[in-house]
Amino acid sequence: MSVLDAHADYRTRIQAFAREHVRPVAATIDRAQAIPPATIDALVAEGLFASGFPTRFGGTVERGPQAADAWIRHGLLHEALGYESASVQGLLNVHHMAGSAIVRGASSEQKQRWLPRLSSGELLAAFAITEPNVGSDAAAVETWAEGEAGRFVISGCKQWITCGQIAHLFVVLTGSDQGPCAFIVPRATDGLRIEPIHDMLGCRGYQLARIHFEGCSIPAEHLLGCPGLGLSYVAAAGLDAGRYNLAWGCVGLAQACLDASRVHTSSRQQFGGPLSDLQLVQRMISRMMTDIHAARLMCQSAGELRGRLSPDAVKEAAMAKYFASTMVNRVAYDTVQLHGARGCGPDQPIERWFRDARIMEIIEGSTQVLETIIARHACQRPS
Ligand SMILES: Cc1cc2nc3c(=O)[nH]c(=O)nc-3n(C[C@H](O)[C@H](O)[C@H](O)COP(=O)(O)OP(=O)(O)OC[C@H]3O[C@@H](n4cnc5c(N)ncnc54)[C@H](O)[C@@H]3O)c2cc1C
């Protein structure tokens with residue numbers, strides 16, 4: 001039985017949910033640059049905020065032999081959401097990224113305090129690394145944490161933060177005299193100012209923001225893990241989760257492109273027959289199908305290794321994200337091509353898919369950064 005067959009019931013259920021609650025609002029999300037609260041409420045009511053968190057904190061992943069299945073189902077959720085709306089997939093992605101950093105770095109008390117509320121959807125979390133002067137080189141962050149009398153005072157600015165406009169808390173990477181630190185910073189913290197960012201190329205429902213930390217004083221118990229390990233240990237878990245989620249999201253988006261292309265090329269008549277009879281068109285369709293199939297298999301492999309706590313899981317997620325994000329750009333490009341003018345017009349989702357796909361090569365490690373990371377894995381651990 002294939003992996004997909006083994007999870008057919010879950011896949012059918014989650015696709016039906018996405019069709020009912022996400023598809024009708026996907027175009028509006030893009031235009032209004034916001035996800036309607038009712039859509040977020042539906043994700044919460046369906047229990048989807050819990051996906052990928054440990055079961056002991058209300059989540060779906062139990063350590064042991066069932067873990068791989070849970071990670072595959074988590075991936076299928078991101079595929080189903082990516083199929084309907086990259087923006088909605090992005091919301092659950094950053095929530096899980098921030099939560100994964102908490103799972104990795106938090107003490108038992110911190111986990112007990114925060115994770116059940118993330119799993120239930122009472123709280124939405126965002127993940128803040130990037131700054132005006134710092135992107136790919138996350139170790140160079142300029143946002144700074146000064147320790148004083150059982151508290152930390154954070155000053156600086158984070159930029160391009162997905163869900164920054166609406167998140168209840170932020171996992172924030174800072175520098176400090178003792179090296180990189182990761183903190184949980186609630187939105188209600190004094191000195192935290194949120195400035196929305198609009199009119200991005202794609203993923204326009206991400207509700208991005210610039211977050212200003214103007215002497216934000218937070219208790220020391222909001223520090224995740226030890227000073228010095230904020231990036232390599234704590235934030236790294238969030239990035240790894242994001243790569244896994246996004247790879248599946250790209251498969252979903254690419255599948256939507258392929259399905260639309262199949263329908264269009266079968267019905268559109270030119271030169272006395274359907275476009276799908278033309279061999280150059282067939283080449284595009286066959287390349288799409290093969291590309292998507294390969295990316296999905298890489299995602300499944302990454303999920304299985306995650307479940308087994310394999311040392312190769314991080315490399316596999318990076319490779320899956322690298323391949324899937326470049327793949328979805330090829331697929332979206334050809335989808336516009338196959339639809340001709342219709343692919344450029346406002347009445348179809350094609351141009352939105354094309355714009356959303358472009359974002360995928362920039363976030364969670366750009367294509368070039370992932371190329372260097374994957375090459376580093378190759379040099380460290382020959383397979
Ligand atoms: C829609 C959207 C949502 C985002 N959400 C978040 C979020 O929630 N949280 C967050 O912290 N950040 C977020 N980001 C920021 C994102 O993580 C960064 O854009 C990304 O890390 C790249 O950083 P940069 O844009 O500053 O580009 P730069 O780091 O300045 O890179 C510019 C170019 O140089 C290339 N480059 C950089 N370093 C190397 C290298 N070593 N070798 C070869 N080429 C290199 C890059 O690939 C890229 O093509 C978001 C960005 C977007 C567009």
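Let me begin with Phe271, which is exposed, with 8 other C-beta atoms within 10 Å. Please keep in mind throughout that this is a predicted model, and that what I say concerns that model. Phe271 sits in the loop between strand E9, residues 269-270, and strand E10, residues 273-274, and although Phe271 is not a glycine, it has a positive phi of about 55°.

Gln207 belongs to the loop between strand E6, which covers 192-196, and strand E7, which covers 209-219. Is Gln207 buried or exposed? With 24 other C-beta atoms within 10 Å, Gln207 is buried, whereas Phe271, as I said, is exposed.

Let me now step back to the chain as a whole, which has 12 helices and 10 strands. Its radius of gyration is 21 Å, close to the 21 Å that the globule rule gives for 383 residues, and the chain is therefore as compact as a globular protein of that length. If you take the principal axes, the C-alpha atoms fill a box of roughly 80 × 45 × 40 Å. Of the 383 residues in the chain, 51% are buried, and when we consider contacts between residues at least 6 apart in sequence, 74% of them join residues at least 24 apart.

That brings me to the helices, and to helix H10 in particular, residues 313-339, whose axis comes within 9 Å of the axis of helix H9, residues 279-307, the two crossing at roughly 160°. Because angles over 145 degrees count as roughly antiparallel, H9 is roughly antiparallel to H10. The crossing of H9 and H10 is left-handed, and the residues in this contact comprise 18 nonpolar, 2 polar and 5 charged.

H10 also packs with helix H8, residues 230-267, at an angle of about 25° and with the axes 8 Å apart. Which way does H8 run relative to H10? The answer is that H8 is roughly parallel to H10, since angles under 35 degrees are counted in that class. The crossing of H8 and H10 is left-handed, and the contact of H8 with H10 is made up of 20 nonpolar, 6 polar and 3 charged residues.

To close, then, H10 is the helix to look at in the structure above, with H9 roughly antiparallel to it and H8 roughly parallel to it.

Methods: Residues numbered from 1 in each chain as written. Predicted model: local features only at pLDDT ≥ 70, side-chain atom pairs only at ≥ 80, totals over all residues. Axes fitted to C-alpha atoms, helices over the stretch in contact; angles between N-to-C directions. Helix = DSSP H or I, 4+ residues; strand = E, 2+ residues; numbered from the N terminus. Parallel < 35°, antiparallel > 145°, perpendicular 65-115°, else oblique. Left-handed = near helix turned anticlockwise from the far one by under 90°. Nonpolar A, V, L, I, M, F, W, Y, C, P; charged D, E, K, R; others polar. Rg over C-alpha atoms; globule rule 2.2 N^0.38 Å. Buried ≥ 20, exposed ≤ 12 C-beta atoms within 10 Å, placed from the backbone. Contact = placed C-beta atoms within 7 Å.
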